[in-house]
Amino acid sequence: MERSYFATLLALILHQIDAAFWREWEMFLLPGGVQGFLVFNLLAVGVVLLGYRHVLLRTSKARGFAVVCAALGMATFVIHLGFAIFGHRAFHLPLSMTVIAACLVSAVCLLRSLRTVARMPTRT
């Protein structure tokens, strides 16, 4: 699970770097503009980084954090697919699309890895 969590975490962070270029806060009409975007990222990145610590330490909370991280990866893909279907032109560059696809692929791998982890001992 460590590798797939890390891959999802990395894809999500790369996407947020790209999202700053595309001014994603305007797409979502976030209150506070870039400041709201930064607050969101403070919380979202903080949660997935904290989750990675739990995954590495194999705590009892690791599985929950993995589900949250995977959900964020899948939601990133679905939301941006929706924007693309409705003609939004942001995130149309090849690497932008690759990072968004990586969010989905790594999230699916992370969810699949949870079946294996269910048999591993955890620490409290």
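Which residue just after helix 1 takes a positive phi? In this predicted model, the residue is Arg-23, with a phi of about 55 degrees. Arg-23 is a residue other than glycine with a positive value, and its place is in the loop between helix 1 and helix 2 (24–27). With a relative accessibility of 41%, which lies between the 20% limit for buried and the 50% limit for exposed, Arg-23 counts as partly exposed.

The helix that leads up to this turning point can be looked at next. Helix 1 covers residues 2–21, and its 20 residues reach 29 Å from the first C-alpha to the last. That span is close to the 28 Å expected at 1.5 Å a residue. Several members of helix 1 are buried, among them Ser-4, Thr-8, Ala-11, His-15, Asp-18 and Ala-19. Some of these names come back when the partners of residues elsewhere in the chain are listed. Ser-106, for instance, is found in helix 5 (residues 94–117), and it touches Ser-4, Ala-7, Thr-8 and Ala-11, leaving aside residues up to four places away in sequence. Ser-106 has a relative accessibility of 8%, so it counts as buried.

A second pair of helices can be described by how they pack. Two packed helices are described by the angle between their axes and the distance between the axes. For helix 3 (residues 34–57) and helix 4 (residues 62–85), the axes come within 8 Å and cross at roughly 140 degrees. Helix 3 is therefore oblique to helix 4, and their crossing is left-handed. On the helix 3 side, the contact is made by Val-47, Val-48, Leu-50, Gly-51, His-54 and Val-55, while helix 4 supplies Ala-62, Phe-65, Val-68, Cys-69 and Leu-72. Sorted by class, this contact has 9 nonpolar residues, 2 polar ones and no charged ones.

Helix 4 itself has 24 residues and reaches 35 Å from its first C-alpha to its last, close to the 34 Å expected at 1.5 Å a residue. Its buried residues include Ala-62, Phe-65 and Cys-69, as well as Gly-73, Thr-76 and His-80. Helix 4 is followed by Gly-87, whose phi is positive, near 90 degrees.

The loop between helix 4 and helix 5 also holds Phe-91. What is the phi of Phe-91? The value is near 65 degrees, which is positive in a residue other than glycine. Phe-91 has a relative accessible area of 5%, so it is buried. Its partners, not counting residues up to four places away in sequence, include His-15, Asp-18, Ala-19, Trp-22, Glu-24 and Met-27, together with His-80, Ser-96, Met-97 and Ile-100. Phe-91 and His-15 are 76 residues apart in sequence, yet their C-alpha atoms are 9.5 Å apart in space.

Terms used. Residues numbered from 1 in each chain as written. Predicted model: local features only at pLDDT ≥ 70, side-chain atom pairs only at ≥ 80, totals over all residues. Heavy atoms only, no water. Axes fitted to C-alpha atoms, helices over the stretch in contact; angles between N-to-C directions. Helix = DSSP H or I, 4+ residues; strand = E, 2+ residues; numbered from the N terminus. Parallel < 35°, antiparallel > 145°, perpendicular 65-115°, else oblique. Left-handed = near helix turned anticlockwise from the far one by under 90°. Contact = heavy atoms within 4.5 Å. Nonpolar A, V, L, I, M, F, W, Y, C, P; charged D, E, K, R; others polar. Expected span 1.5 Å × (residues − 1). Buried < 20%, exposed > 50% of the residue type's maximum accessible area, 1.4 Å probe, protein only.
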